[in-house]
Amino acid sequence: MEKLNLPEYTFRYKEEKGKKFIFDEVRAKFVALTPEEWVRQHFLRFMEAHLHYPKALTGVEKMLKVNGLSQRCDILLYNRRGEPVLIVECKAPSVPVNTRTLTQAARYNTTLKVPFLVLTNGLTHYCIKTDVETGDHEALSGFPSFEEL
């Protein structure tokens, strides 16, 4: 897999019938190793190891309804009260992070109403603070600490 613009981590892998799998510590199971999953697993580790976001308050591929349609949010972080506070939208490294990616995360946010959106393809990362009341967005130069969420 491609080297990412994130710290390197050690993962557990397995192969079955010629297909590779990576162990997801949040979901506690092996999942198919795709380029997007490679980014998701790195970003999950980054969130826990470097941003100190609790793994126990992290959801992966959480189902939600947006305009009556079922959607999956890549990563959803909750605060200690169990309220969603941060969405992470992951893309494969070959997929550019652009307004289309922001639109996708913002669409999820019409339901979740979180104050922070993160967009990443493992090479480029953006963190956006949102005001759910006004719809205003502000690009941040880094990521908020868990206490700031």
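Trainee: What sits over the ring of Phe23?

Mentor: The charged end of Arg12 does, at 4.2 Å from the ring centre. A charge counts as over a ring if NZ of Lys or CZ of Arg is within 6 Å of the ring centre and within 35 degrees of the ring normal. This is a predicted model, in which local features need pLDDT of at least 70 and side-chain atom pairs count only at pLDDT 80 or more, while totals for chains, interfaces and linings use all residues. Residues are numbered from 1 along each chain as its sequence is written, and side-chain values use heavy atoms, with hydrogens and water left out.

Trainee: And which residue lies over the face of Phe21?

Mentor: Lys14 does, 5.8 Å from the ring centre.

Trainee: Now ring against ring. How many aromatic pairs are there?

Mentor: The structure has eight. Rings of Phe, Tyr and Trp (its six-membered ring) pair if their centres lie within 6.5 Å; planes under 30 degrees apart count as stacked, over 60 as edge-to-face and the rest as tilted. Tyr9 and Phe11 are edge-to-face because their planes stand at 70°, with the ring centres 6.4 Å apart.

Trainee: Are Tyr9 and Phe11 buried or exposed?

Mentor: Both Tyr9 and Phe11 are buried, where buried means under 20% relative accessible area, exposed over 50% and partly exposed in between (1.4 Å probe, protein chains only). Ring pairs also link Tyr9 and Phe11 with Tyr13 and Trp38 in a cluster.

Trainee: What about Phe46 and Phe143?

Mentor: Their rings form an edge-to-face pair, 5.7 Å from centre to centre and with 70° between the planes. Phe46 belongs to helix α1 (residues 35-49) and Phe143 to the segment after β9 (137-140), so the pair ties together parts 97 residues apart in sequence. Phe46 is buried, at 13% relative accessible area, whereas Phe143 is partly exposed, at 27%.

Trainee: Switching to the whole chain: how many helices and strands does it have?

Mentor: Two helices and nine strands, in the order β-β-β-α-β-β-β-α-β-β-β from the N terminus on. These are DSSP runs numbered from the N terminus: helices are H or I with at least four residues, strands E with at least two.

Trainee: What share of the chain is buried?

Mentor: Buried residues account for 44% of the 149 residues.

Trainee: And the overall dimensions?

Mentor: The C-alpha atoms fill a box of roughly 50 × 35 × 30 Å along the principal axes.
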